[in-house]
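Colleague: I'd like to go through this model with you and ask where the labels come from. Can you take a look with me?

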Amino acid sequence: HYFTVLFGHEGQKPLELRCEDEVDGDEWVEAIHQASYSDILIEREVLMQKYIHLVQIVETEKVAANQLRHQLEDQDTEIERLKSEIVALNKTKEKMRPYQGNQDDEDPDIKKIKKVQSFMRGWLCRRKWKTIVQDYICSPHAESMRKRNQIVFNMVEAESEYVHQLYVLVNCFLRPLRMAASSKKPPISHDDVSSIFLNSETIMFLHEIFHQGLKARIANWPTLILADLFDILLPMLNIYQEFVRNHQYSLQVLANCKQNRDFDKLLKQYEANPACEGRMLETFLTYPMFQIPRYIITLHELLAHTPHEHVERKSLEFAKSKLEELSRVMHDEVSDTENIRKNLAIERTIVEGCDILLDTSQTFIRQGSLIQVPSVERGKLSKVRLGSLSLKKEGERQCFLFTKHFLICTRSSGGKLHLLKTGGVLSLIECTLVEETEAS
């Protein structure tokens, strides 16, 4: 039982296939029909149209929700005003009850006067309450509360965006690369995947929980209690220390993996995903680095608009102090780690190696190319302290300046660095810098 598969583009020969059973052959043909790539493209286009339609609906619903919220606020204000009018009218009626028995005997003009007086009292009462409400709306306290609420709303939106970024990092890069590492010809190893992403998946789960808590608080608006959320978040922020400490190393591992053509091709395929919006993997790996400073700034703004007698002020100040302490520790660790990696990178480029760079207290300052000028005494070429020059030519040296030492290297034709045999490592502790001002 034969069947032939013809391809629509040139360069691909037809496939002639056969089966031992007619039913089996019919099933294969039916399966090939259902796996048509054009059908998948059509389904994808339909789904994209539905997605765009749903996004438009969501935006419309957001606008409608904001309008309803404003209407509810206006209605609450109107309800309070009507309640105050009812209270005032009830008090007026109670005052007028003793005179109800004599109303029939009263003069019609007196009744008119009392009616006008009651209208005047109601108008004065409404005017008084309106003034009180307007004074509060224009007061610094009300303005501070409005700004505080706006900060919280912006924080929820920023947290939602951050969770989405972490979701893209995990689902568009981490999990596909894990699957690729388990393939028959892996373009990347599992160790390299762990080194690049470390605990980014755990960070995503943590912020999903935090985001759900924020949305639950917003559902109880205008009552906003946030301090207990930060109390939940603070003990779990140590995972950020590991991610930040590993960040520079993860970028180095990623750069090394990109040297593999198969991995680079696969990574570009992942980065072409519409969810990435044209951003590279390095960009998504950098987002968690700025999250702790963003929380600190948000807490500063919240405390600026939180009264001193507010029930949450102490908790917010505690959360801010803890985050600032964590930020300082992470900054110091990142500086030390980057300095050690820089020193080791320079040490690896020198063919002979350099033991003094293994000192962790040795801090890198700068590097670059300098021209070593031969010194001339009495018209004759002499040896220079930094090494001998057999020719009357200037020699280019690759120099590295550290807090304790100055390294002078030569670069061979192959691009490798070699320390000068004489004066290649200079101890700055034993040196004196003399500036000669004479023109000669």
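Modeller: Let's start with a helix pair: H6 passes H8 in a left-handed crossing. Before going on, this is a predicted model, where local features need pLDDT of at least 70 and side-chain atom pairs count only at pLDDT 80 or more, while totals for chains, interfaces and linings use all residues. Residues are numbered from 1 along each chain as its sequence is written, and side-chain values use heavy atoms, with hydrogens and water left out.

Colleague: What makes a crossing left-handed?

Modeller: The near helix has to be turned anticlockwise from the far one by less than a right angle; clockwise would be right-handed. H6 (residues 200-219) and H8 (residues 238-257) pack at about 145°, with axes 10 Å apart. That angle is taken between N-to-C directions on a scale from 0 to 180 degrees, with axes as lines fitted to C-alpha atoms over the stretch in contact.

Colleague: Which residues in H6 and H8 meet?

Modeller: On the H6 side they are Ser200, Thr202, Ile203, Leu206 and His207, and on the H8 side Ile239, Tyr240 and Phe243. Contact here means heavy atoms within 4.5 Å. By class, that contact has five nonpolar, three polar and no charged residues.

Colleague: Why is Leu198 called partly exposed?

Modeller: Because its relative accessibility is 36%, and buried means under 20%, exposed over 50%, partly exposed in between (1.4 Å probe, protein chains only). Leu198 lies in the loop between H5 (190-197) and H6, and its phi is near 45°, a positive value in a residue other than glycine.

Colleague: And why does Glu277 count as exposed?

Modeller: Its relative accessibility is 59%, so Glu277 counts as exposed. Glu277 also has a positive phi, near 55°, and isn't a glycine. You'll find Glu277 in the loop between H9 (261-271) and H10 (281-286).

Colleague: How many helices and strands does the chain have?

Modeller: There are 12 helices and nine strands. Those are DSSP runs numbered from the N terminus: H or I of at least four residues for helices, E of at least two for strands.

Colleague: What does UniProt place at residues 55-92?

Modeller: An unreviewed UniProt entry puts a "coiled-coil region" there, though annotations may be inferred rather than shown by experiment. In the model, that span is 100% helix and 0% strand, and its end C-alpha atoms lie 55 Å apart.

Colleague: How much of the chain is buried?

Modeller: Buried residues make up 30% of the 440 residues.

Note on methods. Ala, Val, Leu, Ile, Met, Phe, Trp, Tyr, Cys and Pro count as nonpolar, Asp, Glu, Lys and Arg as charged, and the others, Gly among them, as polar.
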